[in-house]
Amino acid sequence: MTQAATANGRGNGAQKTASFDAVVVGAGVAGLYQLYRLREQGLNVRVIDAASGVGGTWYWNRYPGARFDSEAYIYQYLFSEQLYKGWSWSEKFPGQPEIERWLNYVADRLDLRKDIQFNTTVERAHFDEAAKRWTVLTDKGDTIHAQFLVTCCGMLSAPLTSRFPGQETFRGQLFHTARWPKEGVDLAGKRVGVVGNGATGIQVIQTIAADAGHLKVFIRTPQYIIPMKNPKYTAADVDAYKAKFQFFTKQLPSTFTGFEYDFEYAWADLTPDRRREVLEDCWNDGSLKLWLASFGEMFFDEAVNREISEFVREKMRERLQDPKLCELLIPAATDYGFGTHRVPLEQNFLETFHRPNVEIVSVKSNPIERVTPDGVQTADGTVHRLDVIILATGFDAGTGALTRIDIRGRDGRALKDDWSADIRTTMGLQIHGYPNLFTTAVPLAPSAALCNMTTCLQKQVEWIDNCIKYMRSRNLEVIEPTKDAEDQWVAHHDETANATLIARTNSWYLGSNVEGKPRRVLSYTGGVGTYHGKCDEVAASGYRGFAMQ
């Protein structure tokens, strides 16, 4: 372990030149745990984050209504029973402020802040083949050398902020949900427009409708939804879920999606009446259970998917009643099937459109053309006059956080160029051509989506930590996946993904929301338990498929 004399190696102060064993990019769920693990094995580690505090996703996404849609008691670190039981949640699906407090609790309990450099953006990271080290440059003018570079940047952390021409001319206030001001925004009595009605847009819309003077919601693609049931926790409730810690440590890594529940039934084995009972039970759970633990056939069998989709449409029609609202807010049978897009949980979202101050503007056939000084202009020339524009317009998922950094591997190859041609990784853990670069929450792993994020991120962090430990014990300096190993993983990933209905739809799951992005299902669809098993097999084999020297 070395460190340049001009750097103090600790604290948050800017540095000109420093040397570490590892640089971790990101201080969210993965980055905090990665720092803890690498530090425990004796490495000198520096974490770099653009934010002023820890939290990652839960630092940036502080928009009105932001909250978990994984149950709080499973969106947890499970490596320490003491850490787990030292925090108590107030409700099943807590809001962003409570989640951010929890991650600060983790950082303080594990004494992590001293190794995190905040308010700093990584601009470049180039691999020096002769030195066998990464050179990292930041916006503060720092030059940091490290043997290992570990990206913990998150799956949804590169917001699509510049979506429409003319945004800079708007005379009111314009915000992307992922860059919501810490001080909040006063919407009382104002004309507010929300662009987007995915999971984030739904949370915003249902939360701010009562405050806005008039709310216009610009909708292109209707969404299937599931109503959230979010009970407050009593002391007895907290004791009950904490008593299940050992169960969660065994159960979560082995299920299909890293949640506590899993698919229990085969569609063909049940009568129509029994199928309906299962669907009703899952629906009434008020969680993502209908999507992630009812019938796995919904992802593969068009006939099954049609029936489940109609079940959800029926539930939505019962709440909306108004035929015009049904047309605008419920996906048509010809649009796409339930579960093939991200499924949002909601709290009275549909009923929000019964309010007299809420209006839908359909932009499917009449798209937003530009933002004007006065508001939003659609293709037919109509200008919707607004005081505040809220962009719930999503992210460059999986890849954007890394392609916005100038990352260069062997022979100067640029990750941005490579991924512009073809999005490839080896198990979402490394990338051929980029030695000593480890990745979390990138494509071709379940941590890219379709997974309780903490379950999958913890596994990836532990695999990376154990791999580096393996190298150090054998005095190995460099690791990189072979081209053959990466080809095999990509082929396996694609074969698995292309068997699903997800691969036949357009959504951010395939990068379809970003113009020119190569089309590929971003998340591994073979199941969390299967993925974890394959990761363990590679490690047990001495990291077969990874060249070390």
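**View 1. Strand β9 beside β12.** Strands β9 and β12 (residues 358-362) run parallel and are joined by five bridges; two strands count as paired if DSSP finds at least two bridges between them. Strands here (E, at least two residues) and helices (H or I, at least four) are DSSP runs, numbered from the N terminus. Look for L215, whose bridge partner in β12 is V358. This is a predicted model, in which local features need pLDDT of at least 70 and side-chain atom pairs count only at pLDDT 80 or more, while totals for chains, interfaces and linings use all residues. Residues are numbered from 1 along each chain as its sequence is written, and side-chain values use heavy atoms, with hydrogens and water left out.

View 2. Of the six residues of β9 (residues 214-219), five are buried, so the strand is largely enclosed by the rest of the structure. Buried means under 20% relative accessible area, exposed over 50%, and partly exposed in between (1.4 Å probe, protein chains only).

**View 3. From β8 over α5 to β9.** Here β8, helix α5 (residues 199-208) and β9 form a right-handed β-α-β unit: with the strands pointing away from the viewer, the path from the first strand over the helix to the second runs clockwise. Five bridges pair β8 (residues 191-195) with β9 in the parallel sense, and G193 sits opposite K216 of β9.

**View 4. Strand β16 with β7 and β8.** Four bridges link β16 (residues 388-391) to the parallel strand β7 (residues 173-176), with H176 and L391 as bridge partners. Strand β8 also pairs with β16 in the parallel sense, over four bridges, and V192 stands opposite V388. Both faces of β16 are covered, with V388 and I390 buried on one side and I389 and L391 buried on the other.
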